[in-house]
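Here is a short report for a first look at this structure. Keep the view open while reading.

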Amino acid sequence: MLSNILAPFFFSTLSSTLDKGCLLVSTPTVLDDFSFSRSVVLVTDYSKSGCVGFVLNHRLTVSLDHFIPESKIEQELFRGGPVEMENLYYIHRLGQEIPNSIHIDKGLYWSGNFSSISEMFNRGQIKQSEIKFFLGYAGWGFDQLKSEIDQEAWVVVENTYGDDIIKLNTETLWKNEMSKLGGRYTLWANAPEDPQLN
């Protein structure tokens with residue numbers, strides 16, 4: 001998955017502790033990986049068993065009602081990662097209003113009873129800014145993710161947005177996070193997606 005061509009240029013220390021609630025920001029070493037190029041991943045679960053997260057900024061061209069018309073939920077849909085892309089996942093800021101929700105951090109939750117979500121949408125009790133839907137998820141084994149971080153494929157940063165991360169402009173999220181890292185990362189933040197166009 002990883003290219004070693006650019007790896008020597010990215011020797012940085014981690015900006016945050018790897019744990020649920022943090023963000024993984026991809027570096028140019030994954031430019032050749034369709035699933036993770038220019039991606040920002042919210043880590044929703046992390047343990048010795050592995051890591052689960054969702055790519056926040058890869059929006060699909062179809063909305064949720066295209067896949068589940070009976071739900072009447074008109075909502076943007078994102079490609080959460082390359083694992084189980086036939087399944088629907090979601091993060092939200094609704095806490096225990098949604099049964100079986102799993103707490104992440106800073107007012108963020110994931111999963112929960114979809115029937116409750118659908119019913120609340122139909123009653124107008126959920127705002128679009130309170131929930132984000134994904135097809136698929138990003139998953140790593142414990143040692144696998146650690147290895148990719150050691151190879152400078154990812155930079156771990158704190159989620160400074162809290163639960164507002166659900167409603168951020170996803171088109172600029174990766175660029176903004178790269179710019180915050182400063183130094184050589186700023187150059188990549190402003191580079192075209194196709195390096196040959198530079």
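## The second largest pocket

By class, what residues does the lining of the second largest pocket have? There are five nonpolar, five polar and three charged residues in that lining. The structure is a predicted model.

The second largest pocket holds about 190 Å³ of space. Its lining counts 13 residues. The closest to the pocket centre are Gln 75, Glu 76, Gln 128, Ile 131 and Ile 166. Two elements each give two or more residues to this lining: strand E5 (76–79) and strand E9 (131–140). The most comes from E9, which gives three residues.

## The chain as a whole

The protein chain has 198 residues, and 50% of them are buried. Five helices and ten strands are found in the chain.

How much of the accessible surface belongs to carbon and sulfur atoms? The share is 49%, out of about 10000 Å² for the protein chain. Contacts can also be sorted by distance along the sequence. Take those between residues at least 6 apart in sequence: 63% of them join residues at least 24 apart.

## Two cysteines without a bond

How many disulfides does a search of the whole structure find? The count is zero. A disulfide is a covalent bond between the sulfur atoms of two cysteines.

The cut-off for buried is under 20%.

## Around Cys 22

Set aside the neighbours of Cys 22 within four places in sequence. Cys 22 is then in contact with Thr 17, Val 41, Leu 42, Val 43, Val 156 and Val 157. One of these, Val 157, is 135 residues away from Cys 22 along the chain. Yet the C-alpha atoms of Cys 22 and Val 157 are separated by 6.1 Å.

Notes
Residues numbered from 1 in each chain as written. Predicted model: local features only at pLDDT ≥ 70, side-chain atom pairs only at ≥ 80, totals over all residues. Heavy atoms only, no water. Disulfide = S-S within 2.5 Å. 1 Å grid on protein atoms, 1.4 Å probe; cavity = no way out; pocket = protein on both sides within 12 Å on 5 of 7 lines; lining within 4 Å. Points joined across faces, edges and corners; volume = space filled by probe spheres on them. Helix = DSSP H or I, 4+ residues; strand = E, 2+ residues; numbered from the N terminus. Nonpolar A, V, L, I, M, F, W, Y, C, P; charged D, E, K, R; others polar. Buried < 20%, exposed > 50% of the residue type's maximum accessible area, 1.4 Å probe, protein only. Contact = heavy atoms within 4.5 Å. Areas by Shrake-Rupley, 256 points an atom, 1.4 Å probe, with all protein chains shown as cover.
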